[in-house]
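Welcome! Let's take a friendly walk through a protein model. Have the sequence and the 3D view ready.

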Amino acid sequence: MLTEESFAQKESHHFRQNVLIVGGGPAGLATALMLAKYGWTNITVLEQRATADYYEPDKSFNYQIDGRGQKFTDFLGLTEKLSEISVPSTEFYLTKIKPNGSCTTSNLPTVNPNRKTAYWLPRKAFVLLLYQEIEQNWQDRITVLFNAKCVQINKKGINNSHLEKLEVVVRIENESIVTFEPNLLVGCDGLHSIVRNTLKEWDKPTSDKFEMKLFPSPSSSLRYKVLTLPPKFPLDRSGKNRAVSTIAYAIRGALRGRKRSVSLGLLPLKNSDDARSANIIKYPDHQIWELKNTEELYNFFEKAFPQLPLRQIVSPEEAERFVNSEGGYFPIPQYCSGLHFLLSQEQPSQEIAQYKPDGIVLLGDAIHCFPPDIGQGVNSALEDVCILNEALSQTNDEISRALPLYESLRLPDTKALVYLSQVAYPWQYNQDSLGKLLWSVNFFLRLVLSRLLPFIFNPPAFLLIQNHLLSYEQIWIQSKRTTITLYVLGLILLCGLLAFVLNAIQI
């Protein structure tokens, strides 16, 4: 049992201790590295998966680490290593393959020439990069526990005082139970965060700030699965043309109709020996989700992609896995307004006034989650880590001041990020022709006006997001300002047209 005396000793020696991070993905490992570099010790990361490079086919996402994410990699000195295992955005080539087999390869134009070079790499590769940094340089401060799951979080009183300590119950290897008593608990455990859900229950009588607030989006609730393809797979039936790892592919299907049309999208990889991941993203009522066995899948794919030797590319094992996989759904854009929680804020007597309260802080998908339309999932999480680092630096690591400061600094951007995810690029999955047409007209109208009258109109939000020097809140404000200007301009034009019509009738 932790006594007041032992607690006081720990706090007087160093309160940069006993950190428990729930979630060993990019946000969790990045937080551990940030704290270690900044001088914290005794940092434990809990990860449910078996290893850092554990491969999950339906979570084999590709990341684009842009200028926001590189704020963190620059801080750790990892950007050069990141570039060595990635495909830079400046060398992004896309090959489109039509159903008749014709191919066109183009270098995607750089709309914003001042944009910082971004890097494409698989999620697994980025997580492994962070884990290897821990293994090579920070083992004395960071311990990563795999096959470890947080099962319960409690508040525990210290003797007869008004002080409370955190108690976190963890199951390791599905067998042993270990109890942690961290001074700082970090929730980086995603949309269904046990840390945030615990805070929601604790705070339920007084507020709903840890409840996720939901916002509609044209891309939310789309269903996806990932088809794993071999390296250098054939791009035609002759087998002469082979896929190049550093090139992205858009393989168009021959079938038509909302419930039958399908395409394969593949993002670039640096390692030519890695398997390729083809994303299939459609409405939940699409025919592809109704296929029940490998033969049905092969028959569907052969009709959809006559240009490819599908039975050579997709192994029977992969076809069976794909059919049986549940896949996933794009989440509804959402955020919570509570990013931290402090225990034991009351100081009932002078004897224990020196105690510092334990704290809980949330980052990443635990506080903001949205479809992958704008490529900001991992980048916003890494920026969360940088903002937390800033708050700790400004408060000399005093948890009771740092965590509220982190919330005040990050919450406006958290809200703006979710609002931006609703409008920035939600129609890119060809889920509705009319919706995509209207969005495209709006996009190009803003783009043209911003170049003709840059002092009045701002570029589209999707392009503004690429400027890592602008905060999400600044981007949202600029986007709304342009929207209001367009509405006013449209109203003026409508009134002018109406006046012209009335005048013509009178004449």
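The report below visits a helix, a strand, some loops and a cavity.

## Before we start

This is a predicted model, in which local features need pLDDT of at least 70 and side-chain atom pairs count only at pLDDT 80 or more, while totals for chains, interfaces and linings use all residues. Residues are numbered from 1 along each chain as its sequence is written, and side-chain values use heavy atoms, with hydrogens and water left out.

## Helix H6 and its buried face

Let's begin with helix H6, which covers residues 194-203. Helices (DSSP runs of H or I, at least four residues) and strands (DSSP runs of E, at least two) are numbered from the N terminus. The buried residues in H6 are Val-195, Arg-196, Thr-198, Leu-199 and Asp-203. They line one face of the helix, because seen down the axis of H6 they fall within an arc of 155°; the arc is that of the directions from the helix axis to the C-beta atoms. Here, buried means under 20% relative accessible area, exposed means over 50%, and partly exposed is in between (1.4 Å probe, protein chains only).

What covers these buried residues? The cover includes strands S1 (19-22), S9 (148-157), S12 (184-187), S20 (340-342) and S21 (359-362).

Which residues does Ile-153 touch, leaving aside its neighbours within four places in sequence? Its contacts (heavy atoms within 4.5 Å) are Leu-166, Glu-167, Val-168, Leu-185, Ile-194, Val-195, Thr-198 and Trp-202. Val-195 and Thr-198 are among the buried residues of H6. Ile-153 and Asn-241 are 88 residues apart in sequence, and their C-alpha atoms are 55 Å apart in space.

## Two loops to look at

Find the loop between strand S8 (142-146) and S9, where Asn-147 lies. Asn-147 is not a glycine, yet it has a positive phi of about 55°. Its relative accessibility of 28% makes Asn-147 partly exposed.

Next, move to the loop between helix H10 (377-394) and helix H11 (399-423), the place of Thr-395. Thr-395 is buried, with a relative accessible area of 4%. Beyond its neighbours within four places in sequence, Thr-395 is in contact with Arg-401, Ala-402 and Leu-405. Asp-397 is found in the loop between H10 and H11 too. Is Asp-397 buried or exposed? Asp-397 is buried, with a relative accessible area of 0%, and its phi is near 70°, a positive value in a residue other than glycine.

## Helix H12

Helix H12 (residues 433-452) contains Asn-442. With a relative accessible area of 30%, Asn-442 is partly exposed. The C-alpha atoms of Asn-442 and Leu-486 are separated by 10.0 Å, and these residues are 44 apart along the chain.

## A lined cavity

Rolling a probe the size of a water molecule over the atoms shows where empty space is left. On a 1 Å grid over the protein atoms alone, a cavity is a set of points where a 1.4 Å probe fits but cannot get out, and lining residues have an atom within 4 Å of a point. The second largest cavity is lined by Pro-231, Lys-232, Ala-243, Val-244, Ser-245, Ser-272, Asp-274 and Arg-276.

Note on methods: 1 Å grid on protein atoms, 1.4 Å probe; cavity = no way out; pocket = protein on both sides within 12 Å on 5 of 7 lines; lining within 4 Å.
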